[in-house]
Amino acid sequence: MVVINGVRYEGNNVTVNGNKIIIDGNVVNPEDAKEYHIEVHSDNATVHSESGKITVHGNANKVNTVSGSV
């Protein structure tokens, strides 16, 4: 499960590219925000993000960020 700014989504693989968020290959459009707070509640999760705050609850497989905190 992935939580973005308080909204729950199902999935393990998250990509944040600008204001475009993709979870398991599906584009999701959460509320318009300048920054995203992403929580991943899963083992074997993969996260790629350009910015934002990422919290992983479980064992992340891979986390990449350009300018964000994990």
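## The nonpolar core

Start inside: the largest nonpolar core holds 14 residues, and the ones touching the most other members are Ile4, Val14, Ile21, Ile23 and Ile38. As for where the core comes from, two or more residues each are supplied by β1 (2-4), β3 (13-17), β4 (20-23), β6 (37-41) and β7 (45-57). The top contributor is β7, which puts in three residues. Keep in mind that all of this is read from a predicted model.

## A closer look at Thr46

Which residues does Thr46 touch, once neighbours within four places in sequence are set aside? On one side of the numbering there are Asn12, Asn13 and Val14, and on the other Asn61 and Lys62.

## The chain overall

Zoom out and you have a chain with eight strands and zero helices. Going along the sequence, the pattern is simply β-β-β-β-β-β-β-β.

The chain has 70 residues, and 31% of them are buried. Looking at contacts between residues at least 6 apart in sequence, 28% link residues at least 24 apart.

As for the surface, the chain exposes about 4,200 Å², with carbon and sulfur atoms supplying 41% of that area.

Note on methods:
Residues are numbered from 1 along each chain as its sequence is written. This is a predicted model: local features need pLDDT of at least 70, side-chain atom pairs count only at pLDDT 80 or more; totals for chains, interfaces and linings use all residues. Side-chain values use heavy atoms; hydrogens and water are left out. A nonpolar core is a set of buried Ala, Val, Leu, Ile, Met, Phe, Trp, Tyr and Cys residues joined through side-chain atoms within 4.5 Å. Buried means under 20% relative accessible area, exposed over 50%, partly exposed in between (1.4 Å probe, protein chains only). Helices (H or I, at least four residues) and strands (E, at least two) are DSSP runs, numbered from the N terminus. Contact means heavy atoms within 4.5 Å. Accessible areas come from the Shrake-Rupley method with a 1.4 Å probe; for residues, only the protein chains shown count as cover.
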